[in-house]
Amino acid sequence: MTRFFVDAWDPAYGASFEAAAGGPAAPSNAQVEAGHELPAAEWRAVGPRPGVHAPAVVLLVDGVRRNDASLWLTEPDGVSYPGLAASYAAGVVRCDLERGSAQLAGARVERGLFTASPSAVDVHAGNVHYPVHRVGGSGELAKLPAAVQGPLTALEVAVSGAARSDDDLLVVDGPLRNRRLLPRTLGYVKTQHSQYLDARLTAVVTALTAGQRSPVFRLGTAWGGWSWYLRLPVTGGAPWAGIVRVECSTELDIAAAVALADLSVVTLPRFASTPYKDPRAPQNLIPIAGLERRLRRMIGDSRLLHRALVAAARSAAPAAAQPPGGAG
């Protein structure tokens, strides 16, 4: 029977990463096709176009995840594998722009035990269930948090799909990745880690004023698609202040991509947050910030879950067993 032990180190320490606020410093080696909407030599800021209006309904979807505990799972032959007990949740906010109202349209919480252990079984920590999600390879501990992204994305798709109507606009917090086939969907990337454009085109982006966007360009990455930059209302004067990158599916033709880009200009700025309410303003959109707080409450108290996992490990392991490298 496989035994498991809980690492005593709080998984919250050292688990987060914040990019520098000055803008994307690392050049990307992604192939960029800049001349689809406008020739690269004619790039300029694009403002709101006459006759383009925000949709009546905008859905904003986001997900949160948390590492509840790092585990060690010991096979009957004595081989040990690292594991990660994680909680994740996804929700969607429905914003009715005609009525000026917003409400939670759906939310779900799931949990999982992520490990390469071939004989791991689901963990029951009190009333909380962690189903096994078996990962490939050797399952190094450092790679386990990334394994949570797939189930979380699937949960976001399921939650948002249940709330959609025929004429809404769906805004996904983060890159589209494998959500590229969702109709009328924008990926909203609020933190810029890579520099995709050359210096001359970047200068067009950093010169944008509030409510302006760059021309649409195409990224040739593995998850590539149509993309553009948009500056939200902002008080600071830093070159990248208030700039977000927006994506749509590469399956669309350029005319459809430009139409979505124009729609983003008249839609996204109205959701921008303000510094006195949110330290990540204006990029952290107001409905997304509220949804994140709601989802983090839904996934439960991290201390209680950690204690429940420790208790479950102790009840499942023989009294003489010791975890690798320390007490369980």
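Start by selecting P24, S194, Q195, Y196, L197, T202, V205, Y229 and W240: they line the largest cavity (a set of 1 Å grid points over the protein atoms alone where a 1.4 Å probe fits but cannot get out, with lining residues having an atom within 4 Å of a point). You're looking at a predicted model, where local features need pLDDT of at least 70, side-chain atom pairs count only at pLDDT 80 or more, and totals for chains, interfaces and linings use all residues. Residues are numbered from 1 along each chain as its sequence is written, and side-chain values use heavy atoms, leaving out hydrogens and water.

Color the lining by element next: β12 (194–195) and α3 (199–206) each give two or more residues to it. By type, the lining has six nonpolar residues, three polar and no charged. The space inside is about 30 Å³, and the structure holds one cavity of 30 Å³ or more.

Now for the packing. Select L60, W228, L232, L268 and L285, the residues with the most contacts inside the largest nonpolar core, which has 33 residues (buried Ala, Val, Leu, Ile, Met, Phe, Trp, Tyr and Cys joined through side-chain atoms within 4.5 Å; buried means under 20% relative accessible area with a 1.4 Å probe, protein chains only). Show α4 too: this helix gives the most to the core, with seven residues.

Which residues does L285 touch? Leaving aside residues up to four places away in sequence, pick out L60, Y188, L232, L268, F271 and A272 (contact is heavy atoms within 4.5 Å).

Last stop: another core lies apart from that one, with 20 residues, including V57, V92, V148 and L176.

Key:
Buried means under 20% relative accessible area, exposed over 50%, partly exposed in between (1.4 Å probe, protein chains only). Helices (H or I, at least four residues) and strands (E, at least two) are DSSP runs, numbered from the N terminus. On a 1 Å grid over the protein atoms alone, a cavity is a set of points where a 1.4 Å probe fits but cannot get out, and a pocket is an open set with protein on both sides within 12 Å along at least five of seven lines; lining residues have an atom within 4 Å of a point. Grid points are joined across faces, edges and corners, and a volume is the space filled by probe spheres set on the points. Ala, Val, Leu, Ile, Met, Phe, Trp, Tyr, Cys and Pro count as nonpolar, Asp, Glu, Lys and Arg as charged, and the others, Gly among them, as polar.
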